[in-house]
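Dear colleague,

Here is the structure we spoke about. My notes on it follow below.

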Amino acid sequence: MMAAAGKRTNWFAIWVSVAVVAVVVAAGVVVVIINNAATDPGPAPEAAIVNTETGAISVGDGPDVVATYIDFMCPICNQFEEIYAETLNELVADGSITLEYHPVAILDNQSQGTQFSTRAANALYCVATASPEAVTPFVSAMYANQPSEGTPGLSDDEIISIATDAGAADAASCITDRTYDGFVGERTQAMPTTADGGRGTPTVTFNGERIDLTGDPQVDIIDRLS
């Protein structure tokens, strides 16, 4: 009897082991899903003027490419706009350059927790997808209304008002929903870095080569044209 009992298959132990394995596998799947969700940049902006691989919003179709990496909370970016925007816009208009805007968010910590830099960058992508012709007017108006560092920044309603005045009223829901926040975060991490690995704005490149800005559009841009 005892010998026979000893040979009995312990189905209870087997099913417990199977259950444990199933739980472990399920837990692993959950972890993978959570990790993927945490790293998923979300949807990319779909528009003819947006390069979803680089994040560039292109204005114009000139042979030389001036790329600008900008944060709408950055006061030096505003200075760059004041000094260089007129020249850049004229070169776009006469077909000399393609101007690329790369909105990034490196100063979210300067807006009292409202993530203004991310919200503003998202808004530029929203404008680009809704009304491409409104991109440059929107950029100019955002700088004209730039909040100071350390403040909450502009509210979504204020950004929507600026977008509407620039000609992109259809961008409102995208701005409120923060549709491209994840994409902004991904592109911010991928932006060019300095020699010591840091990130700063404005970062400007000419045909892919980083420019050490002098404050003179003639030297920094015009003299480089093909």
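**Helix packing**

H4 and H5 are roughly antiparallel to each other, because the angle between them falls in the class over 145 degrees. (In that scheme, angles under 35 degrees count as roughly parallel, 65 to 115 as roughly perpendicular and the rest as oblique.) This is a predicted model, in which local features need pLDDT of at least 70 and side-chain atom pairs count only at pLDDT 80 or more, while totals for chains, interfaces and linings use all residues. Residues are numbered from 1 along each chain as its sequence is written, and side-chain values use heavy atoms, with hydrogens and water left out.

The axes of H4 and H5 cross at roughly 155° and come within 9 Å. Axes here are lines fitted to C-alpha atoms, for helices over the stretch in contact, and angles run from 0 to 180 degrees between N-to-C directions. Helices (H or I, at least four residues) and strands (E, at least two) are DSSP runs, numbered from the N terminus. The crossing of H4 past H5 is right-handed; that is the term if the near helix is turned clockwise from the far one by less than a right angle, and left-handed is the term if anticlockwise.

On the H4 side, Phe 116, Ala 120, Ala 123, Leu 124, Val 127 and Ala 128 meet Val 135, Phe 138, Val 139 and Met 142 of H5, where contact means heavy atoms within 4.5 Å. By class, this contact of H4 with H5 has 10 nonpolar residues, no polar and no charged ones. Ala, Val, Leu, Ile, Met, Phe, Trp, Tyr, Cys and Pro count as nonpolar, Asp, Glu, Lys and Arg as charged, and the others, Gly among them, as polar.

Helix H3 (residues 75-93) also packs against H5 (residues 135-144): their axes come within 10 Å and cross at roughly 150°. H3 and H5 are therefore roughly antiparallel to each other. H3 passes H5 in a left-handed crossing. Cys 77, Asn 78, Glu 81 and Asn 89 are the H3 residues in this contact, and Thr 136, Val 139, Ser 140 and Tyr 143 are those of H5. They divide into 3 nonpolar, 4 polar and 1 charged.

**The chain overall**

The protein chain has 9 helices and 5 strands. Their order from the N terminus is α-α-β-β-α-β-α-α-α-α-α-β-β-α. Of its 226 residues, 40% count as buried, meaning under 20% relative accessible area, with exposed over 50% and partly exposed in between (1.4 Å probe, protein chains only). Among contacts between residues at least 6 apart in sequence, 74% join residues at least 24 apart.

Ser 117 is in helix H4 (residues 116-130). Ser 117 counts as buried because its relative accessibility is 1%. Its side chain makes a polar contact of 2.7 Å with that of Asp 71. A polar contact is a pair of N or O atoms within 3.5 Å; within protein, one must be able to donate a hydrogen and the other to accept it, and residues adjacent in sequence count only if both atoms are side-chain atoms. Leaving aside residues up to four places away in sequence, Ser 117 touches Asp 71, Met 73, Val 104, Ala 105, Leu 107 and Asp 108.

Thr 205 belongs to strand S4 (residues 203-206) and is buried, at a relative accessible area of 9%. Thr 194 lies in the loop between helix H8 (181-190) and S4. Thr 194 is partly exposed at 30%, and its side chain makes a polar contact of 2.3 Å with the side chain of Asp 196.

Thr 201 is also placed in the loop between H8 and S4, but is buried, with a relative accessible area of 12%. The C-alpha atoms of Thr 201 and Tyr 69 are 6.1 Å apart, although 132 residues separate them along the chain.

**Backbone points to check by eye**

Most residues other than glycine have a negative phi, and most peptide bonds are trans. The bond joining Thr 201 and Pro 202 is cis, with omega about 0°. Arg 178, not a glycine, has a positive phi of about 55°; it sits in the loop between helix H7 (172-177) and H8. Asn 207 has a positive phi as well, near 50°, and is found in the loop between S4 and strand S5 (209-210). Asn 207 counts as partly exposed, at 42% relative accessibility.

Regards
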